[in-house]
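Here are a few notes to read alongside the model. Have a look at it first, then go through the points below.

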Amino acid sequence: MLSREDVLRIARLAKLKLTDDEVERYRAQLGRILEHFKKLEELDTSDVEPMAHGLEVANVLRADEPRPSVPQEEALQNAPARRDGYFEVPQVLER
Amino acid sequence: MRETLKMETVIGLEIHVQLATRTKLFCGCSADYFGAPPNTHCCPVCLGMPGALPVLNERAVELALKAALALDCEIPERSVFARKQYFYPDLPKGYQISQYEAPLARDGHLDLELPDGTTTKRVRIRRLHLEEDAGRLVHDPPTGRTLVDLNRCGVPLIEIVTEPDLRSPEEAALFVKQLRRLLRYADVSRCDMERGELRVDANISIAVDGRPGTKTEIKNMNSFQAIEKALKVEETRQRMALERGGTVQPQTFGWNPEAGRVEPQRAKEEAEDYRYFPDPDLVPLLIDEAWTRRLRAELPERPRERRRRLQEGYGLPAYDARLLTEERAIADYFERAVALFPKPKEVSNWLLTEVFRLLDEAKLAPEDLAGRLPPERLVEVLRLVDEGRINRNTGKAVLEEAFRTGREPEAIVEERKLGRIADEARLAELAERVIQEHPQAARDFKAGNERVLGFLVGQLMARTQGRADPKLAAKVLRDKLAAS
Ligand SMILES: [Zn+2]
């Protein structure tokens, strides 16, 4: 079973703020999801190649030919705040 | 008293290089974003719009493979793109498409040429993978806001990770220089560090008596000098801490070039957790033997091989061969010129002094030289000098004018009447005048003072604007003085 700390850590990584009720609710829900995977783990997959994709397709490639970008106005149209052609966000520290 | 500890510096590098493609890694937006107005090289894919699907740029794959081949990497048959999740405004999708478990290439090496000019040291490459660049952030502390430009977002990068095989800051800078040269030779990237086309992060630790030390990471080193300086500062800091019996804490620093300091970056509350997983939007990449064989055939001669060939094949001094092969464009230019004018040392002398000076003054990249001054033009100047039609100094002036105006050297000589005065009668007239104007010097010479001849030759050269052959000028003056 997931601990309360596990749920809070997942929420932190997803930048979500949870109420105590939500922590409990998600702890149960996420726990059930993990149980499903536990079930899958019962299968013996030692002879099965790990799969990275569901399709039997590889090498979907594109020629290096420029195509028009969207106008600046369109690029910015969903932005809650903008300035001088930039998206504007609350200040962040250097990564 | 503690006994002296045996300390050894251990450095590994992580280098990001922008590939010289026309478009971004997963969309058709132009990758030539430098200096463009913000957010004008964007589309639903690189803006991270829901439902937009990435399609891989074939050229980016080929350039990354070329880099891998140039570094003697192993190239697995199959590689996979993965999502690296993190939240930051320079990354609108909330994840970066990168490679994790199945990188494009691994286990390569670069044989570092050490400053002694003869020995090499093998630096192992752990892995090389493809990934997309992030956007650019402009911080504006007065308003407490950050501005985001996503033009760079999605530009193709390769990340090259070395094993911790470097043993000093100097060696680390040397490695980056030689890696850059190799990638420029292969046309993988221009690697312009000022434009951020090559960016270096390092981890550094001090092994004490053979025991590995704690690593710190240094970011934001964007010049060779910065790499060397930043690592020296951190090396000294760690050594002093250990000598005093202290410890080194794992930490990430940013290099501040203005202050000449490494500055701690915000400590992370918890270890990075990128939750990599294969990107379901992208199918695996399969690379077969035929593909790598074709790309290998396209790779140019390596800098080291080229240097040896120039030195041995053209009988050049090691010094010349080294300078001529720092840039492939210069080595190419040299060989084109020598094919037209087979005096290699003469061509090398002019290239390394006059042409390098002109390039430097014009702030021109080596690859733009042939466009500005085709090798045929340089050779024309060399011929004019070689045939005695102009002297060396005039040759330099003609070369400079040809470089600046793009005109034919021959035409410049004609128009400005720069050709040598080889006409003895004309020189004799001028010599007569010089002697009349300097009677004292003429008397001194006749009285046996040979040294004043130099002065009179100088006067005669000045009258011809340097177009006389100094030997002929001296002969004509002697004849005149003897006769008067
Ligand atoms: Zn785009």
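How many residues does the contact take from chain B and from chain A?

1. The contact takes 42 residues from chain B and 33 residues from chain A; two residues count as in contact if their C-beta atoms, placed from the backbone, lie within 7 Å. On the chain B side, β9(B) gives the most, with five residues. By class, that side has 22 nonpolar, 13 polar and seven charged residues. Here Ala, Val, Leu, Ile, Met, Phe, Trp, Tyr, Cys and Pro are nonpolar, Asp, Glu, Lys and Arg are charged, and the others, Gly among them, are polar.

2. A word on the ground rules. This is a predicted model, where local features need pLDDT of at least 70, side-chain atom pairs count only at pLDDT 80 or more, and totals for chains, interfaces and linings use all residues. Residues are numbered from 1 along each chain as its sequence is written, while chains are lettered from A and ligands numbered from 1 in the order in which they are written.

3. Next, the pairings (at least two DSSP bridges between two strands). Two bridges join β2(A) to β3 (residues 86–90) of chain A, with A:R83 opposite A:Y86.

Note on methods:
Helices (H or I, at least four residues) and strands (E, at least two) are DSSP runs, numbered from the N terminus.
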